[in-house]
Amino acid sequence: MKKIKGFMVIALALALAGPALAQTRPGGGMGTGMGPLVYNPQTIATVTGTVEKLADLPSLGRGGGKGMQHRGALLKTDQGSLMVDLAPAWFLNEKKVVVEAGDTVSATGSKVTLDGQPGLIAREVTVNGTTLKLRDEQGVPVWQGAGRGGGMGQGMKPGGGIGQGPPPR
């Protein structure tokens with residue numbers, strides 16, 4: 001009987017600790033993804049070019065969410081072509097930022113290598129005279145917890161948030 005109680009105590013402890021163990025990392029995603037390994041505040045650059053084509057990219061920035069598609073823009077610059085990871089398409093639509101082939105885009109962000117090619121994870125982008133902040137200085141997306149992608153609430157409250165709830169009673 002003591003063994004069963006011991007196992008039940010351990011199971012209960014794990015059940016209560018689960019939400020705390022599932023806490024988000026600085027990017028807000030459930031896990032590290034590629035973000036913290038990719039965005040580097042030490043490699044900031046600004047590029048300007050003409051959009052050659054748009055692409056859907058897997059999430060690369062911090063906390064983008066597993067499987068979340070990002071809008072990318074292949075820019076033709078003075079130094080050659082460069083893929084710029086912007087943000088999820090829903091975020092750009094929500095902010096009413098339209099990027100199309102032929103647009104002149106200026107982007108500031110972290111220089112990276114994407115699939116063996118030079119790329120940039122944009123922190124800020126200017127399109128058609130409109131500037132939009134996409135990430136903070138460390139690369140954390142501003143859309144983190146902004147409506148879509150399951151906001152991380154406090155405790156197990158309506159809305160399905162996963163986070164630290166109130167202490168057990």
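The model is a predicted one, where local features need pLDDT of at least 70 and side-chain atom pairs count only at pLDDT 80 or more, while totals for chains, interfaces and linings use all residues. Residues are numbered from 1 along each chain as its sequence is written, and side-chain values use heavy atoms, with hydrogens and water left out.

**Overall layout**

The protein has three helices and six strands. Helices here are DSSP runs of H or I with at least four residues, strands are runs of E with at least two, and both are numbered from the N terminus. Reading from the N terminus, the order is α-α-β-β-β-α-β-β-β. Of the 169 residues, 36% are buried; that word means under 20% relative accessible area, exposed means over 50%, and partly exposed is in between (1.4 Å probe, protein chains only).

The accessible surface comes to about 10300 Å², with 56% of it belonging to carbon and sulfur atoms. Those areas come from the Shrake-Rupley method with a 1.4 Å probe, and for residues only the protein chains shown count as cover. As for contacts (heavy atoms within 4.5 Å), take the ones between residues at least 6 apart in sequence: 54% of these join residues at least 24 apart.

**Strand β5 and its partners**

Strand β5 pairs with β3, β4 and β6. Two strands count as paired if DSSP finds at least two bridges between them. Here's how the pairings look:

| Pair | Residues | Sense | Bridges |
|---|---|---|---|
| β3 and β5 | 80–88 and 117–127 | parallel | three |
| β4 and β5 | 104–114 (β4) | antiparallel | ten |
| β5 and β6 | 130–133 (β6) | antiparallel | four |

N128 counts as exposed because its relative accessibility is 55%. K96 is another non-glycine residue with a positive phi, near 60 degrees. K96 is found in the loop between α3 and β4, and its 71% relative accessibility is why K96 counts as exposed. For context, most residues other than glycine have a negative phi.

**Nonpolar cores**

A nonpolar core here is a set of buried Ala, Val, Leu, Ile, Met, Phe, Trp, Tyr and Cys residues joined through side-chain atoms within 4.5 Å. The largest one has 23 residues, and V84, L86, V99, V125 and L134 have the most contacts inside it. The elements giving two or more residues to this core are β1 (44–58), β2 (69–77), β3, α3 (89–94), β4 and β5. Another core, of nine residues, lies apart from that one, with L57, L74, L114 and I121 among its members.

What does L86 touch, leaving aside its neighbours within four places in sequence? The contacts are R71, A73, L92, V99, A122, V125, L134, R135 and W143.

**Aromatic pairs**

A search of the whole structure finds two aromatic pairs. Rings of Phe, Tyr and Trp (its six-membered ring) pair if their centres lie within 6.5 Å; planes under 30 degrees apart count as stacked, over 60 as edge-to-face and the rest as tilted. The W90 and F91 rings have centres 6.0 Å apart and planes at 90 degrees, so this pair is edge-to-face. F91 and W143 form a tilted pair, at 5.4 Å centre to centre and 50 degrees between the planes. This second pair links distant parts of the chain, with F91 in helix α3 and W143 in the segment after β6, 52 residues apart. W90 and F91 are buried, and both F91 and W143 are buried too. Together, W90, F91 and W143 form one aromatic cluster.

V38 sits in helix α2 (residues 35–38) and counts as buried because its relative accessibility is 18%. V38 and G139 are 101 residues apart in sequence and 9.3 Å apart in space, C-alpha to C-alpha.
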